[in-house]
Amino acid sequence: MARIVFLVCGETGAGKNFLVDMLCEQHGFIKGEDFIVTDYDGVSQKLESQEDDVRYVSIYINVPRQDRQYRAVLLRGDDVAAYHDKSIEEHAQYMVMKRNVDFDYSVRNDDWRKALKVLSAIIYTELKLDE
């Protein structure tokens with residue numbers, strides 16, 4: 001039976017690492033093994049390389065642009081110009097992803113507590129389906 005690896009992606013400031021760190025802390029998962037935090041290209045590469053012993057589940061963390069900017073620049077301390085450049089670059093990639101629905105799940109993260117509950121439900125549902 002293939003093990004499940006969750007690919008978590010989203011634009012800069014979406015809270016990907018924060019949510020995955022919380023899941024790992026609360027449920028004993030291992031970041032880098034059970035969860036891979038990546039970008040759109042990383043998800044595409046993993047899905048194309050489909051390993052026989054791994055089933056990838058992709059989760060897009062969706063956050064309004066203003067919230068992402070606030071988190072990245074004001075809370076995390078990212079450089080405004082660097083954030084702006086990265087945001088523009090990512091926007092085109094993620095627009096393609098959203099248009100093509102190139103993910104298994106989309107989780108809105110405008111409230112991290114709710115997002116964490118939804119992610120937990122997704123994870124345990126997928127793990128149960130795999131039994």
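These legends describe close-up views of a predicted model. Residues are numbered from 1 along each chain as its sequence is written.

**View 1. An open sheet of four strands.** The strand order is β2-β1-β3-β4, and the pairing is parallel. β2 (35–38) and β4 (105–108) are the edge strands, and each pairs on one side only. On average, neighbouring strands of this sheet are turned by 25° against each other, direction ignored. Helices (H or I, at least four residues) and strands (E, at least two) are DSSP runs, numbered from the N terminus. Two strands pair if DSSP finds at least two bridges between them.

View 2. β1 spans residues 3–9. Is β1 mostly covered or mostly open? It is mostly covered, with six of its seven residues buried. Buried means under 20% relative accessible area, exposed over 50%, and partly exposed in between (1.4 Å probe, protein chains only). Seven bridges join β1 to β3, and the two run parallel. Ile 4 stands opposite Arg 55 in β3. β1 also pairs with β2 in the parallel sense, over four bridges. Here Val 8 has Val 37 in β2 as its bridge partner.

**View 3. β3 beside β4.** Strand β3 covers residues 54–62. It pairs with β4 in the parallel sense over four bridges. Asn 62 has Arg 108 in β4 as its bridge partner.

**View 4. Ser 58 within β3.** Ser 58 has its place in strand β3. It counts as buried because its relative accessible area is 2%. Leaving aside neighbours within four places in sequence, Ser 58 is in contact with Leu 7, Val 43, Asp 102, Phe 103, Asp 104 and Tyr 105. Contact means heavy atoms within 4.5 Å.

View 5. Helix α2 (residues 40–48) lies across β1, β2 and β3. It runs at about 155° to β1. Helix α5 (residues 112–129) lies across β1, β2, β3 and β4. It runs at about 160° to β4. Axes are lines fitted to C-alpha atoms, for helices over the stretch in contact, and angles run from 0 to 180 degrees between N-to-C directions.

**View 6. Cys 24 in helix α1.** Cys 24 is found in helix α1. It counts as buried because its relative accessibility is 12%. Not counting residues up to four places away in sequence, Cys 24 touches Phe 29, Ile 30, Lys 31 and Phe 35. Gly 10 is 14 residues from Cys 24 along the chain, and their C-alpha atoms are separated by 18 Å.

**View 7. The largest pocket.** Its volume is about 430 Å³. A pocket is an open set of points on a 1 Å grid over the protein atoms alone, where a 1.4 Å probe fits, with protein on both sides within 12 Å along at least five of seven lines; lining residues have an atom within 4 Å of a point. The volume is the space filled by probe spheres set on the points. Of the 18 lining residues, Gly 13, Ala 14, Gly 15, Lys 16 and Arg 76 lie nearest the centre. α1 (16–27), α3 (65–75) and α4 (80–100) each supply at least two residues of the lining. α4 gives the most, with four residues.

Terms used
Predicted model: local features only at pLDDT ≥ 70, side-chain atom pairs only at ≥ 80, totals over all residues. Heavy atoms only, no water.
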